[in-house]
Amino acid sequence: MAVSCLQKVLRMLFYIPDKYCSGFTGKVKTLAEIILVTGGCRSGKSSYALRVAESQAGRRLFIATCPVLDEEMNYRIERHKAEREIGGWETLEEEIKLAEAIRSARDFDCVLVDCVTLWINNLMYHAGNEITEDMIKEETQNVIAACNEHPGQVIFVSNEVGFGIVPEHPEVRRYRDLVGRANQTLGTASNQLYLIVCGVPVNLKGHLDNESFI
């Protein structure tokens, strides 16, 4: 009952019409099933996305957008990669050209992108002050177009960055706005949308056929 009430409140906040909350109807002309999993830092969103992907049969590809900044980061990346290999995952590291990476993954039944937030960070780093919300929206639409060419399932993990206080630094505010724009664009195009709160998935749009793994 509590989760149901929370769903109603969040749907009102996110302005998601009921027609998008009742499951995929087949009216959206996409080949891939697009799933967006979002939530706060350490909310459990990546773990949930992995469980969703591993509940599906077939080949799985993990697209990692995290840049290797130092030895500690490289150690963590290699450790996570080794852990995923045990579960039958293959890994592709791509910091910028996300649409191209998804297009190259047509032989995989499920593609998991973790995460959108770092992808935006990488775009900002390379483009500097020139990048705008319109540019991020266009880049995200290119990613969605790549998903529409994919025959399987594409899962995105992203941070929800709009629940906190307004950042003091202008660059941080701009980053928040760019991530928010990407999330809105992905959320609109997705067949399923989940907000993870304290490790618990709150379904905002669509539904999984089998949620027994949760």
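Mentor: Gladly. Let's begin with serine 158, which is placed in strand S5; strands (E, at least two residues) and helices (H or I, at least four) are DSSP runs, numbered from the N terminus. The model is predicted: local features need pLDDT of at least 70 and side-chain atom pairs count only at pLDDT 80 or more, while totals for chains, interfaces and linings use all residues. Residues are numbered from 1 along each chain as its sequence is written, and side-chain values use heavy atoms, with hydrogens and water left out.

Trainee: Why is serine 158 called buried?

Mentor: Buried means under 20% relative accessible area, exposed over 50%, and partly exposed in between (1.4 Å probe, protein chains only). Serine 158 has 0% relative accessibility, so it counts as buried.

Trainee: Which residues does serine 158 contact beyond its sequence neighbours?

Mentor: Contact means heavy atoms within 4.5 Å. With neighbours within four places in sequence left aside, the contacts of serine 158 include Leu36, Val37, Thr38 and Gly39, along with Lys45. Val116, Thr117, Val179 and Asn183 are also in contact with serine 158.

Trainee: What makes leucine 61 buried?

Mentor: Leucine 61, in strand S2, has 5% relative accessibility, so it falls in the buried class. Not counting residues up to four places away in sequence, leucine 61 touches Trp89, Glu90, Thr91, Leu92, Ala105, Phe108, Cys110, Val111 and Leu112. Leucine 61 and leucine 112 are 51 residues apart in sequence, with 6.3 Å from C-alpha to C-alpha.

Trainee: And why is asparagine 121 called partly exposed?

Mentor: Asparagine 121 lies in helix H5. Its relative accessibility is 33%, so it belongs to the partly exposed class. From asparagine 121 to glutamate 95 the C-alpha to C-alpha distance is 9.2 Å, across 26 residues of sequence.

Trainee: Which peptide bond is cis?

Mentor: The one from aspartate 114 to cysteine 115, with omega near 5°. Cysteine 115 is in the loop between strand S4 (110–114) and helix H5 (116–127).

Trainee: How do you know that the buried residues of H2 line one face of the helix?

Mentor: The buried residues of H2 are Lys45, Tyr48, Ala49, Val52 and Ala53. Seen down the axis of H2, they fall within an arc of 135°, so they line one face. That arc is taken from the directions from the helix axis to the C-beta atoms. An α-helix has 3.6 residues a turn, so residues three or four places apart point the same way.

Trainee: What makes a group of residues a nonpolar core?

Mentor: The group is a set of buried Ala, Val, Leu, Ile, Met, Phe, Trp, Tyr and Cys residues joined through side-chain atoms within 4.5 Å. In the largest one, with 34 residues, those with the most contacts inside it are Ile63, Leu98, Ile102, Val111, Ile120 and Phe156. A second, separate core of 16 residues includes Ala49, Ala53, Val157 and Ile196.

Trainee: What is the volume of the largest pocket?

Mentor: About 940 Å³. Of the 25 residues that line it, Arg42, Ser46, Arg76, His80 and Asp114 are the closest to its centre. On a 1 Å grid over the protein atoms alone, a pocket is an open set of points where a 1.4 Å probe fits, with protein on both sides within 12 Å along at least five of seven lines, and lining residues have an atom within 4 Å of a point. The volume is the space filled by probe spheres set on the points, which are joined across faces, edges and corners.

Trainee: Which element gives the largest share of that lining?

Mentor: H3, with six residues.
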